[in-house]
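Trainee: I would like to learn how to read a protein model feature by feature. Could we go through one together?

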Amino acid sequence: MTTAPHTLNTDVAIVGAGPTALFAAFECGMLKLSCVLIDALDSVGGQCAALYPEKPIYDIPAHPAIEGGALIEALEQQIAPFDVPRLLGSRVETLEGHRGDFTLKTARGDIIRAKAVIIAAGAGAFGPNRPPLDGLEAYERTGAVQYYVKKRADFTGKRVVVAGGGDSALDWALSLSDVAEKIYLLHRRDRFRGAPETLSRIEQQIEAGKIEKVVPYQLHALHGTDGVLSSVEVTTLEGASRHIEADALLPFYGLSTDLGPIALWGLDTHRNTVPVTPATLESSTPGIFAIGDVATYPGKLKLILQGFSEGAMAAHAIHAIVHPDTALHFEYSTSKGVPG
């Protein structure tokens, strides 16, 4: 991790260091474009590494299932030949200049001069939507309440309440049902938002006694001493209550997101996203591109695999900025290999 302020000159400044940013760095390397990765987090990987390093991802081509941490490790191995610099632990505060000549400055004082910029900032600054429960902070400090699962082993033999009705709640209920004593799946209505295969697996675990649906209930209170959880109190809309003996609560109510300084860089934005031209991923400001979850256009799918494609397209579009007098003759990686 880089800690002291640096001044760097590069072809492409990549804001973000998640999976799409890492693959964009690979594509830049394949086109012999120099680049640097800049991220507010102190390690690469973005949400994959910070939020679900042990959660399987099922829609990465050629991987029936791969954990978030393993995906990031593989992407790092892929860009290793290009020796890409990383400025981590300090977010980009200002971005000035024009196509072919941008200057970025980080909160730590790093100065990066680049001919083009790729914003791969995911959802921007992110944090969990926390349930409004009295005394919540004490349980957060002890780990009795967690919003991200980093180690499944931490829940071995425990009684766990998983709250939420979307993919994260369903996926973690399934994943932890293999190690926990009992999973209580809590939702305010008896209807979950998930893929048919996921819902089918949930029903199988319910029949096996590993998961119990607690519907239609919502969180009401936490009970315990000095941050050690003993039970979770839930209620219906009509006021009927139930106490669930539990060791841990995992509320999955989504993330609150904020573009942060990106919203001040003069780009057109829409609901914490950056609209781009689909063919090039260029934003409203020439020379600044956006890929991954932060980018939006008609037909956009928020999938990592689509972010990979966007990284490749942006890199090819940027080649014309960095080398305006050199035609890009596309070659398959099987033909040319990795540039030396």
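**Reading the model**

Mentor: Begin with a loop: D226 lies in the loop between β13 and β14. Keep in mind throughout that this is a predicted model.

Trainee: What joins V215 and P216?

Mentor: A cis peptide bond, with omega at about -15°. P216 is found in the loop between β12 and β13.

Trainee: Next, the sheets. How do strands pair?

Mentor: Strands of a sheet pair through backbone hydrogen bonds, either parallel or antiparallel. Here, an open sheet of three strands has the order β13-β14-β15, and its pairing is antiparallel. β13 (218-225) and β15 (241-245) are the edge strands, each pairing on one side only. On average, neighbouring strands in this sheet are turned by 25° against each other, direction ignored.

Trainee: How many bridges join β14 to β15?

Mentor: Five bridges join strand β14 (residues 228-235) to β15, and the two run antiparallel. For a residue pair to locate, V232 stands opposite I244 in β15.

Trainee: Where is the parallel pairing?

Mentor: In an open sheet of four strands, ordered β12-β11-β10-β16. β12 (211-214) and β16 (248-251) stand at its edges with a single partner strand each, so one side of each has no neighbour in the sheet. The twist from one strand to the next averages 20°. Strand β10 (residues 159-163) pairs with β16 over four bridges, in the parallel sense. V160 has A248 in β16 as its bridge partner.

Trainee: Which helix lies across β10, β11, β12 and β16?

Mentor: That is helix α5 (residues 167-176), which runs at about 170° to β11 (182-186). Helix α6 (residues 196-207) lies across β11 and β12, at about 105° to β12.

Trainee: What about the nonpolar core?

Mentor: In soluble globular proteins, nonpolar side chains tend to be buried together. The largest nonpolar core here has 64 residues, and I14, L104, V117, I118 and I119 touch the most other members. Helix α1 (residues 19-30) supplies the largest share of this core, eight residues. Leaving aside residues up to four places away in sequence, V117 touches A13, V15, L95, F102, L104, G287, I288 and F289.

Trainee: Which residues does the UniProt annotation "binding site" cover?

Mentor: The annotation, from an unreviewed UniProt entry, covers T20, D39, Q47, Y52, V92, F126, D293 and T334. D39 is placed in strand β2 (residues 35-39). D39 has a relative accessible area of 11%, so it is buried. Its contacts, not counting residues up to four places away in sequence, are G16, A17, G18, L87, L88, G89 and S90. D293 is in the loop between β19 (288-290) and β20 (295-296). The relative accessible area of D293 is 30%, so it is partly exposed.

Key. Residues numbered from 1 in each chain as written. Predicted model: local features only at pLDDT ≥ 70, side-chain atom pairs only at ≥ 80, totals over all residues. Heavy atoms only, no water. Core = buried A, V, L, I, M, F, W, Y, C linked by side-chain atoms within 4.5 Å. Buried < 20%, exposed > 50% of the residue type's maximum accessible area, 1.4 Å probe, protein only. Contact = heavy atoms within 4.5 Å. Pairing = 2+ DSSP bridges. Axes fitted to C-alpha atoms, helices over the stretch in contact; angles between N-to-C directions. UniProt positions renumbered as here; feature names shortened; annotations may be inferred.
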